[in-house]
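Please prepare a report on the structure shown here, covering the packing of helices on the sheet, the core, and the side-chain pairs.

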Amino acid sequence: MAVKKADLEGYLDQKYQKELEDAEAKIDEVLKRDYVGTTLSISLNVSPLVQRKLRNRYERAGWTISFQHDQRDGDWVELS
């Protein structure tokens, strides 16, 4: 029997919940400490699913958010 998409989405949400919570805590901590009204870059390596969920949460909160990737410099997120 084929797996239902809705069942898989719930499973993925549970699987990546800790990664999402940790990433959001890190972003919030850095924003509170370092944001001075300009674009802020934060080193962050998260899965594509977590990126999508973070993008939705921070855009709803009024932030412009983009995820960047560089083979040499690693992964980071920019918020403004």
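Helix H2 (17-34) lies across S1 and S3 and runs at about 140° to S1, while H3 lies across S2 and S3 at about 145° to S2. Helices (H or I, at least four residues) and strands (E, at least two) are DSSP runs numbered from the N terminus; axes are lines fitted to C-alpha atoms, for helices over the stretch in contact, with angles from 0 to 180 degrees between N-to-C directions, and contact means heavy atoms within 4.5 Å.

This is a predicted model, in which local features need pLDDT of at least 70 and side-chain atom pairs count only at pLDDT 80 or more, whereas totals for chains, interfaces and linings use all residues. Residues are numbered from 1 along each chain as its sequence is written, and side-chain values use heavy atoms, with hydrogens and water left out.

## The sheet

The three strands form an open sheet in the order S1-S3-S2 with antiparallel pairing, where two strands pair if DSSP finds at least two bridges between them. S1 and S2 are the edge strands, each pairing on one side only, and neighbouring strands are turned by 25° against each other on average, direction ignored.

Four bridges join S1 to S3, and six join S2 to S3. Leucine 79 in S3 stands opposite leucine 40 and is also the bridge partner of isoleucine 65. A hairpin of three residues connects S2 to S3, and aspartate 70 stands opposite glycine 74 in S3.

## The nonpolar core

The largest nonpolar core has 16 residues, of which Ile27, Leu44, Leu54, Val77 and Leu79 touch the most other members. Such a core is a set of buried Ala, Val, Leu, Ile, Met, Phe, Trp, Tyr and Cys residues joined through side-chain atoms within 4.5 Å; buried means under 20% relative accessible area, exposed over 50%, and partly exposed in between (1.4 Å probe, protein chains only). H2, S1, H3, S2 and strand S3 (74-79) each give two or more residues to this core, and H2 gives the most, with five.

Not counting residues up to four places away in sequence, isoleucine 27 touches Ile42, Leu44, Leu54, Tyr58, Val77 and Leu79. Glutamine 51, in helix H3, counts as buried at 15% relative accessibility; leaving aside its neighbours within four places in sequence, glutamine 51 is in contact with Val46, Phe67 and His69.

## Salt bridges

Five salt bridges are found in the whole structure, each a side-chain nitrogen of Lys or Arg within 4 Å of a carboxyl oxygen of Asp or Glu. Arginine 57 and glutamate 24 meet in one of them (2.5 Å, N to O); because arginine 57 lies in helix H3 and glutamate 24 in helix H2, the pair ties together parts that are 33 residues apart in sequence.

Aspartate 22 and lysine 18 also form a salt bridge (2.9 Å, N to O), and both lie in helix H2, four residues apart, about one turn of the helix. Glu29, Arg33 and Asp34 are linked in a network of salt bridges.

## The aromatic pair

One aromatic pair is present. The rings of tyrosine 35 and tryptophan 63 have centres 4.9 Å apart and planes at 80°, so the pair is edge-to-face; rings of Phe, Tyr and Trp (its six-membered ring) pair if their centres lie within 6.5 Å, with planes under 30 degrees apart counted as stacked, over 60 as edge-to-face and the rest as tilted. Tyrosine 35 lies in the loop between H2 and S1, and tryptophan 63 in the loop between H3 and S2, so the pair ties together parts that are 28 residues apart in sequence.
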